[in-house]
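Please walk through this fold with me, from its surface to its cores. Keep the viewer open and follow each stop in turn.

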Amino acid sequence: MLITNNRTGRIVGVFKTMSLASIFVVSLLGIGCAEHQQMMMNRMYYTEINRAYSPDEVSFINGMTILLVNRQARFEGKFLKVALEFINTFDDTVTNTAYKIEWLDDQGFVVDSTAWKPLTISGNEKVQVTEMAIKTNVTRCRLVISSK
């Protein structure tokens, strides 16, 4: 759009008009950037939490593709039960990860373990897993997460 001075007829400004659709697309780009920034902040937050775990509690093999959000353990009768919540903070589905639980006695020795279990999590999703020890001398556990 050209803006002219009414008295002189000179062009005093040039503005391009934006359609409503263009304005909508530009606003969505801004929202997408904010969502991406929030996802990156979440990933940094969960990564720091996971780095704070003792290797006696959580062990990562080949990096942190999937992160642990929550870890709770309690006894049901004489058996230890653990509830785990994992998160994929990436946009793409992660399929190359597996986990296992090592069941430990009161001296820290491994008395049993689960088999490696594949973990597939869609982008920006969480998954909850529950496992229970089958031996009564188990007093704690260690989570081992492997990215292939």
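A residue is called buried under 20% relative accessible area, exposed over 50%, and partly exposed in between, with a 1.4 Å probe and protein chains only. By that rule arginine 51 is exposed, because its relative accessible area is 55%. This is a predicted model, in which local features need pLDDT of at least 70, side-chain atom pairs count only at pLDDT 80 or more, and totals for chains, interfaces and linings use all residues. Residues are numbered from 1 along each chain as its sequence is written, and side-chain values use heavy atoms, with hydrogens and water left out.

Start with the layout. The chain holds one helix and ten strands. Helices (H or I, at least four residues) and strands (E, at least two) are DSSP runs, numbered from the N terminus. In order from the N terminus, the elements read β-β-α-β-β-β-β-β-β-β-β. Of the 148 residues, 31% count as buried. The chain exposes about 9800 Å², and carbon and sulfur atoms supply 55% of that area. Accessible areas come from the Shrake-Rupley method with a 1.4 Å probe; for residues, only the protein chains shown count as cover. Now take contacts, meaning heavy atoms within 4.5 Å. Among those in the chain with a separation of 6 or more, 61% join residues 24 or more positions apart.

Go back to arginine 51. It sits in helix α1, which spans residues 20-52. Its side chain makes a polar contact with the side chain of glutamate 48, at 3.1 Å. A polar contact is a pair of N or O atoms within 3.5 Å; within protein, one must be able to donate a hydrogen and the other to accept it, and residues adjacent in sequence count only if both atoms are side-chain atoms. Arginine 51 and methionine 64 are 13 residues apart in sequence, and their C-alpha atoms are 9.4 Å apart in space.

Next, the hairpin. Strand β4 (residues 67-76) and strand β5 (residues 79-87) pair in the antiparallel sense over nine bridges. Two strands pair if DSSP finds at least two bridges between them. Two residues lie between β4 and β5, and glycine 77 in the turn has a positive phi of about 70°. Lysine 78 is in the loop between these strands. It counts as exposed because its relative accessibility is 61%. The C-alpha atoms of lysine 78 and threonine 136 are separated by 5.5 Å, although the two are 58 residues apart along the chain.

Strand β5 also pairs with strand β9 (residues 126-132), again in the antiparallel sense, over seven bridges. Lysine 81 ties the two pairings together. In β5 it is the bridge partner of arginine 74, and it stands opposite methionine 132 in β9.

The charges come next. A salt bridge is a side-chain nitrogen of Lys or Arg within 4 Å of a carboxyl oxygen of Asp or Glu. The count comes to six. Which residues are linked in a network of salt bridges? They are Arg74, Glu76 and Lys81. Glutamate 76 meets arginine 74 with the closest N and O atoms 3.3 Å apart, and it meets lysine 81 at 3.2 Å, N to O. Arginine 74 is exposed, since its relative accessible area is 51%. Glutamate 76, at 31%, is partly exposed, and lysine 81, at 21%, is also partly exposed.

Another pair has a buried setting. Glutamate 102 forms a salt bridge with arginine 142, the closest N and O atoms being 2.9 Å apart. This pair links distant parts of the chain: glutamate 102 is in strand β6 (residues 94-104) and arginine 142 in strand β10 (residues 140-147), 40 residues apart. Both glutamate 102 and arginine 142 are buried.

Finish with the nonpolar cores. Such a core is a set of buried Ala, Val, Leu, Ile, Met, Phe, Trp, Tyr and Cys residues joined through side-chain atoms within 4.5 Å. The largest has 20 residues, of which Leu68, Leu84, Phe86, Tyr99, Ile101, Trp103 and Leu143 touch the most other members. Two or more residues of this core come from each of β5, β6, β8 (117-121) and β10. Apart from it lies another core, of five residues, among them Tyr46, Met64, Leu67 and Ile87. Beyond its neighbours within four places in sequence, tyrosine 99 is in contact with residues including Phe86, Trp116, Val129, Leu143 and Ile145.
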